[in-house]
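Me: I would like to learn how to read an interface and its charged pairs. Please take one feature at a time.

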Amino acid sequence: MISTVEPWLVLSFSAVIFCIGLVGVLIRRNILVVLMCIELMLNAVNLTFVTFSKLQGDMGGQMSVFFIITVAAAESAVGLGLVIALFRTLRTVDTDEIRLLKE
Amino acid sequence: MELSPVFFTVFAAMAIAFALITVLKKNPASSAFSLVLVFFAFAGIYALLDAHLIATLQILVYAGAIMVLFIFVIMLLSADVPSFDLSRSHVGLRVASGALGLVLLGSLVWSFKNSVPFQGAGLFTAEKVEAAGGNTQVISELMFSEYILPFELTSVLLLTAIVGAVAIAKRRPNQHGAGPKGVRP
């Protein structure tokens, strides 16, 4: 038996994940968790792309997801390199402690 | 859309639950491992949506490469101690962020529910993709014909990211003798 799920339910699910990631970026102070929440938001957008790609019978959405995954990998590599450089200078991963430009 | 409601509900509930754990857990290592499960649930949903190549890439790149990088950095920095940053952040900030998230979520859900999605028969309907050899073959042919320029630019981007990450994270020889803030093992 194959039944269906309404498209807006799938899109709303990705909106839920996006909002969880957004709130996480705003309330967390650990820079590693902030980077993880950015990955959550990127994943939610990917799911929206795939859903519309399926709805409209167009492969452009899935191609975009391919490029987004590549950019996300590059982003996390550079971001974690920055975290390591930051930790070496300040000995912390807390974003409240990063105020080198204020001193 | 032809999509099994049972499997979609299971994967969606799993993803939402572990996403909440990712945000709310105090320990970054637990956050990282919950995030791996979120990525697996997303891969399941991609497979339900007939995006097989994307589902595989999701597991290989996200759950594999990116999360190994995260966990490696967490262990390297010995940052897997509970950080009580959530309780330390300002109450007003937390309430405002939650309200912002709920407002955004409400407006997104409302617009998704009330818009009439364009359900056109595009060039790649399920039957045509099946006839052309399946999802992976269609995407591969597109990638090396219509999208060849972005694909090549992606390789330049990755090269830049590799060089940048090494240049940023490399330990520089210190000219001043003592390290920053005098930290020296």
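This is a predicted model: local features need pLDDT of at least 70, side-chain atom pairs count only at pLDDT 80 or more; totals for chains, interfaces and linings use all residues.

Reply: Residues are numbered from 1 along each chain as its sequence is written, chains are lettered from A in the order written, and side-chain values use heavy atoms, without hydrogens and water.

Me: What area is buried between chain B and chain A?

Reply: The size of an interface is often given as the accessible area lost when the parts come together. Here about 7,300 Å² is buried, with 78% from carbon and sulfur atoms; the loss is taken with a 1.4 Å probe and summed over both parts.

Me: Which side chains form the salt bridge between chain A and chain B?

Reply: Side chains of opposite charge can pair when their charged atoms come close. The cut-off is a side-chain nitrogen of Lys or Arg within 4 Å of a carboxyl oxygen of Asp or Glu. A:Lys54 and B:Asp50 meet at 2.9 Å, N to O. A:Lys54 is partly exposed at 24% relative accessibility, as that class lies between buried (under 20%) and exposed (over 50%), with a 1.4 Å probe and protein chains only. B:Asp50 is partly exposed too, at 34%.

Me: Is A:Arg29 buried or exposed?

Reply: A:Arg29 is buried, at 15%. A:Arg29 forms a salt bridge with A:Asp96, at 3.2 Å between the closest N and O atoms.

Terms used. Buried area is the accessible area (1.4 Å probe) that two parts lose on being put together, summed over both.
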